[in-house]
Amino acid sequence: MTGIGDAARRGFEPGMRFGRYEIVRRIGSGGMASVYEARHVDLAKRVALKTLHRWLALRADVVQRFVQEARTASRLDHPHVLGISDIGVEHEVPFMAMDLLEGEELAHVLHREGPLPATRLADLLLPVISAVAAAHEQGILHRDLKPENIFLARRRLRGEHPVLLDFGISKVRDGDTSGLTAADELLGTPPYMSPEQVIDGMAELDARSDQYALGVILYECSTGDLPYRNDDSIPDLLRMIARGGTRPPSARVSTLPRAFDALVLRALSVAREARFPSVIELGRALLPFASPLVQAVWAEEFGARDSPIPALAKARRGPGVAVTVRRSELDVIPCLAERDDAALDQLLAVAPASRVAAGELLFEESTTATSCFFLLAGEVEMRRGDARSTVRAGRILGGAALDSGALREATAVVRVDATVLELDRDVFASLSESQPALTGAILDRLALIAVRRLREASIRLEELSRSGPRRPRELAHLRLATAEWSVSLDESAGPSRRRPL
Amino acid sequence: MRLDADILQLAVQLDRADVEALRVCFRGRQYRAGQTVFREGEPGGFLLLVSEGEFTVTTRSAGNASSVIGRVAAGELCGEMALIDPAPRSATVTARVDTIAWELGHDALEVLRRNAPGAARAVVQASLRTVAARLRRLGERVDREALT
């Protein structure tokens, strides 16, 4: 007959009692703990029982971290963080009872399926980013984000349900557990460590370090490879991380959109200041890549309502001076002309008008697009790479924002003092309830512009592809026109094919 | 055929009246594998929302050779350009496998605009999203063209 002490050393057998639980089977074992499927005897509820290895139970710091993991996760109480229902010590073995999940780690999915399309990845990671954001809100850093710690639970009827695991080395800022890791102790998983984690030690970490790890996960899952890899030497790998400069994801998987490149590379910036201000902003940039259903689910959390991005704030409060616009001034925009007064009054009430001086920035490439601009007067120069195009009054700038809120693909600089009306994407959505005809007309106009731009650009690309030697200037202008619909191809060099919009 | 679920692919926030209006206006169509849905150059006046199966999109180049430029899977739209801006079809669409789709004509969209603006808006917004995605892909093609 074996005692519970022997079992604790060797692992628990099916049918064995463990306090209020009965062991069903061993699920797995790692360096720190084993995980069992167990049944709460009184409640007849199936749980996952995580038991700390007995030899580690003698180390106070390890036990404290184990307890902290349980407390952190239960404190978060987030639908995408693994739930903890019980904690204790049984036969000198610290344990915690957790939700029993069926499914697999994101790492397994990646290994089996290879690179994931941007849409699937966005669908899977937005809930995880929400969980990380909830932790940050409570002053908790995860510090070990990686595909192995993201579990895709299978839920009947609802499909994959991402769950964030393992707050084992999390850190609570300003909490009583700050002394759990020594300042010179290197914790985490090297490929996912941020440059500051590699260079500056633990005391320097903040929420942007977790954001960097999310950037690594996005990179790895979209390309099938890590941004930095050195299987032979961890010190060399850490030096690569500290130096930065990985290739964009689309250089490895050509079908990935440039806007996706931009958000991943921003999260992977060596300088923390160059990353998104928060993981919520990262989620906001990722949201447009998600499927329509997932976009709808996460629109409230990652929408732009609460914290306008710096570029927008600049456009509203920096270079622009608030002005009052008369209804008649809106006539220059075709979809606003001859609309009824009440509808236009309501539009003017929610869309701020400003006068922006020549030389000032209206919006910048690679920033999140959350609004479009109606150019009522003046001129704006659109820029992308070496391409330049002047847009005159009557056009809608940055119109793609009303649909997707993706990253801007061009920069807009005022060329001749301009009057603009800025329409926020969320405001547009709410306006559509009270003014369906007006917002419908705006959408119709944007759709018409986009369709004509697509037709023109397809024809022009076909022409350029057939025309022998490469014509970089024309290609650059064509690229600008596909990125920013207000740029007409008819204003570039080359024959005019259709009526300009 | 699961019209309600397919309609919700367009916009999940539609209210019951809008879903009902779309249900009335969308017509179910079945295509056998290999069947032509519409041809490049034909007048276009309807869009299709794929419910089951898949379409293949092809165009003819200057040398008259046909090349596949895309596929339209379940939950995706095709033909939306002609619905927004009536013009000859820019590509030929054929059913790659037996396919079920919902058809919405230009006249039906006008009916929706007058009677169920929220439903019309959902159709236009879904179309805009599809066109915007194609513009992004075209932009990426331009990038590749510039590099070669």
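# Briefing: sheet, core and chain contact

Helix α2 of chain A, residues 60–76, lies across strands β4 (45–52), β5 and β6 of chain A. The helix runs at about 160° to β5(A). This is a predicted model. Chain A carries an open sheet of 6 strands, and 31 residues of chain B are in contact with 35 residues of chain A.

**The sheet of chain A**

- The strand order is β1-β2-β3-β4-β6-β5 (chain A), and the pairing is antiparallel.
- Strands of a sheet pair through backbone hydrogen bonds, in either a parallel or an antiparallel way.
- The edges are β1 (17–18) and β5 (84–90) of chain A. Each has a single partner strand, so one side of each has no neighbour in the sheet.
- β5(A) pairs with strand β6 of chain A, residues 93–98, in the antiparallel sense. Their pairing runs over 6 bridges.
- One pair can be named residue by residue: A:G88 has A:F95 in β6(A) as its bridge partner.

**The nonpolar core**

- The largest nonpolar core holds 183 residues.
- The residues with the most contacts inside this core are A:L125, A:V132, A:L214, A:L263 and A:A450.
- Helix α4 of chain A, residues 118–137, supplies the largest share of the core, with 13 residues.
- Leaving aside neighbours within four places in sequence, A:L125 is in contact with A:I217, A:L218 and A:L286.

**A helix pair in chain B**

- Helix α4 (residues 106–115) and helix α5 (residues 117–147) of chain B have axes that come within 6 Å. The axes cross at roughly 135°.
- From α4(B), the contact uses B:L109, B:L112 and B:R113. From α5(B), the contact uses B:P117, B:A119, B:A120 and B:V123.
- By class, the residues of this contact are 6 nonpolar and 1 charged, with no polar ones.

**Where chain B meets chain A**

- The contact joins 31 residues of chain B to 35 residues of chain A.
- On the chain B side, α3 (80–84) and α5 each supply at least two residues.
- α5(B) gives the most to the side of chain B that touches chain A, with 22 residues.
- That side of chain B has 14 nonpolar, 7 polar and 10 charged residues.

Note on methods. Residues are numbered from 1 along each chain as its sequence is written. Chains are lettered from A and ligands numbered from 1 in the order in which they are written. This is a predicted model: local features need pLDDT of at least 70, side-chain atom pairs count only at pLDDT 80 or more; totals for chains, interfaces and linings use all residues. A nonpolar core is a set of buried Ala, Val, Leu, Ile, Met, Phe, Trp, Tyr and Cys residues joined through C-beta atoms within 7 Å. A residue is buried if 20 or more other C-beta atoms lie within 10 Å of its own, exposed if 12 or fewer, and partly exposed in between; C-beta atoms are placed from the backbone. Helices (H or I, at least four residues) and strands (E, at least two) are DSSP runs, numbered from the N terminus. Two residues are in contact if their C-beta atoms, placed from the backbone, lie within 7 Å. Axes are lines fitted to C-alpha atoms, for helices over the stretch in contact, and angles run from 0 to 180 degrees between N-to-C directions. Ala, Val, Leu, Ile, Met, Phe, Trp, Tyr, Cys and Pro count as nonpolar, Asp, Glu, Lys and Arg as charged, and the others, Gly among them, as polar. Two strands pair if DSSP finds at least two bridges between them.
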